[in-house]
Amino acid sequence: MKSQESRREFLAKSSVLGGAAAGGLSIARSAHAAGTAHLRAVLIGCGGRGNGAIDNCLEADEAVKVVAVADAFEDKAAKAAERLRNHKTYAARVDLPKERVFSGLESFKQALAVDCDLVVTATPPGFRPLIYSAAVAAGKHVFMEKPCCVDAPGYNVLMQANKLADQKGLKVGVGFQRRHTPSYMETIARIHDGAIGKIMFLRAYWNGSGIWYRKRTPEQTELQFQVNNWYHFCWLSGDNICEQHIHNIDVCNWAKGDHPVEANGMGACTLRYRGNNKGMGQIFDHHFVEFTYADGAKMFSQCRHMPNCFNSVSEAAHGTDGESDCKGLIKGKNEWKFSGKAAKNPMVQEHIDLIQAIRNNLKYNEGYHGATSSMTAVLGRMATYSGQVVKWDDAVKSGTSEFPAKLAWDAPATVVPDANGDYPIPIPGVFKPY
């Protein structure tokens, strides 16, 4: 019965717009339908995606004003603030005195204490449940990048925060830009209307050549090195199945209107940390997962970081009456091709949609499918790391935390290199999922 209830909750909550004004508490003072007052935003996480996300937010609405930034690293916070102050387009809407430029592992708390309406957070994913929960508790609307968690305890924190956001009438956006792309939106709507019949299986891919790496410097503590190289550590990124492949997994869940109930898979670290790359991190360089939904439908998932191999970033759905690429094409009994207009940059559109919901007090909480698709990716990683069949309910109940017990630059890291400088990499058949 538990899994049935969780699926019902997922289906009930996964809609982006509820279509009616949220009842209960009043929304932030600046969210007037007329849109004349500033929407005061703070940025938490000043890396490449954070800088991009705040630019997207500023482009989305002329009333957005940036009033604080925060990052774990002082130089990143300072550079982001300086870039915004001198921005050729948005400088007039930037109010960032030095006292509202915060740094440190818990600088998000200082940012949340600033008089603001909207939090834009794009920290390494491992921090996201903590920051999202704190933002909602502080009564802020939130835009958070994906993935939204890297482990089961993080998922549970997200779901509790989602419920509190609803109770407070807060609006939540998540960085799944495909959900704001017209070709995807219309195609998925047609799939839901039965254009390809009953879905039998789905395919999801994020296969590419590799990612960045930042060299260790002598003055760094172990934790500073890991946070600076967050993609290479499971507690920070969730591995590439969470960090990038989450987009494709989310599209498949969206098309299916559900989340998987179990997963089995295989994967390893074959090339990533060999030779000159020795001792750089601990994540796999390839995963393959067979997810199973409650009705027996499958999702076959591939993600890989290896040069000179087959590359694809895509999704597909196969049904009893046809198939679709999920983004504009349906083949079979109901042939169709998207012919509508391309919208704005979908990474801007997702902010437009969130801000319009704030202004008009519409029910809007993307945190549910943000959490559920993120947990789907975590489920897949638990399966590939362990080589075992991992069930959703067991994983959500018993999955362990990847996060450090203490947040401080001189605190012990959750993983440390051995005498040879190598980090522990999970071994299928030995690693325990929980």
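User: Which way is the crossing of α2 and α12 handed?
Analyst: This is a predicted model, and in it the crossing of α2 and α12 is right-handed. The two axes come within 8 Å, with α12 covering residues 346-360. They cross at roughly 55°. That angle makes α2 oblique to α12, and the handedness asked for is right-handed.

User: How do the residues of the contact of α2 with α12 divide into nonpolar, polar and charged?
Analyst: On the α2 side you've got Arg49, Ala53, Asn56, Cys57, Glu59 and Ala60. Facing them from α12 are Met347, Val348, His351, Ile352 and Ile355. Sorted by class, that gives 7 nonpolar, 2 polar and 2 charged.

User: What about α2 and α3, are they roughly parallel or roughly antiparallel to each other?
Analyst: Helix α2 runs over residues 48-60 and helix α3 over residues 74-85, and their axes come within 11 Å. The crossing angle is roughly 30°. Angles under 35 degrees count as roughly parallel, so α2 and α3 are roughly parallel.

User: Which residues in α3 do Asn51, Ile54, Asp55 and Leu58 meet?
Analyst: Those four sit in α2, which passes α3 in a right-handed crossing. By class, this contact has 4 nonpolar, 1 polar and 2 charged residues. The partners in α3 are Ala80, Arg83 and Leu84.

User: Among the elements of the protein, which has the lowest mean pLDDT?
Analyst: For the protein, mean pLDDT is 92, and 92% of its residues reach 70 or more. Residues 1-35 are another story: pLDDT stays under 50 there, and the model has 70 contacts beyond four places in sequence for that stretch. Strand β10 (residues 286-292) has the highest element mean, 99. The lowest, at 34, belongs to residues 17-21, strand β1.

User: What radius of gyration does the protein have?
Analyst: The fold has 14 helices and 17 strands, and its C-alpha trace spans about 60 × 55 × 40 Å along the principal axes. With 434 residues, a compact globule would come out near 22 Å. The protein's own value agrees with that: 21 Å.

Methods. Residues numbered from 1 in each chain as written. Predicted model: local features only at pLDDT ≥ 70, side-chain atom pairs only at ≥ 80, totals over all residues. Heavy atoms only, no water. Axes fitted to C-alpha atoms, helices over the stretch in contact; angles between N-to-C directions. Helix = DSSP H or I, 4+ residues; strand = E, 2+ residues; numbered from the N terminus. Parallel < 35°, antiparallel > 145°, perpendicular 65-115°, else oblique. Left-handed = near helix turned anticlockwise from the far one by under 90°. Contact = heavy atoms within 4.5 Å. Nonpolar A, V, L, I, M, F, W, Y, C, P; charged D, E, K, R; others polar. pLDDT = per-residue confidence, 0-100. Rg over C-alpha atoms; globule rule 2.2 N^0.38 Å.
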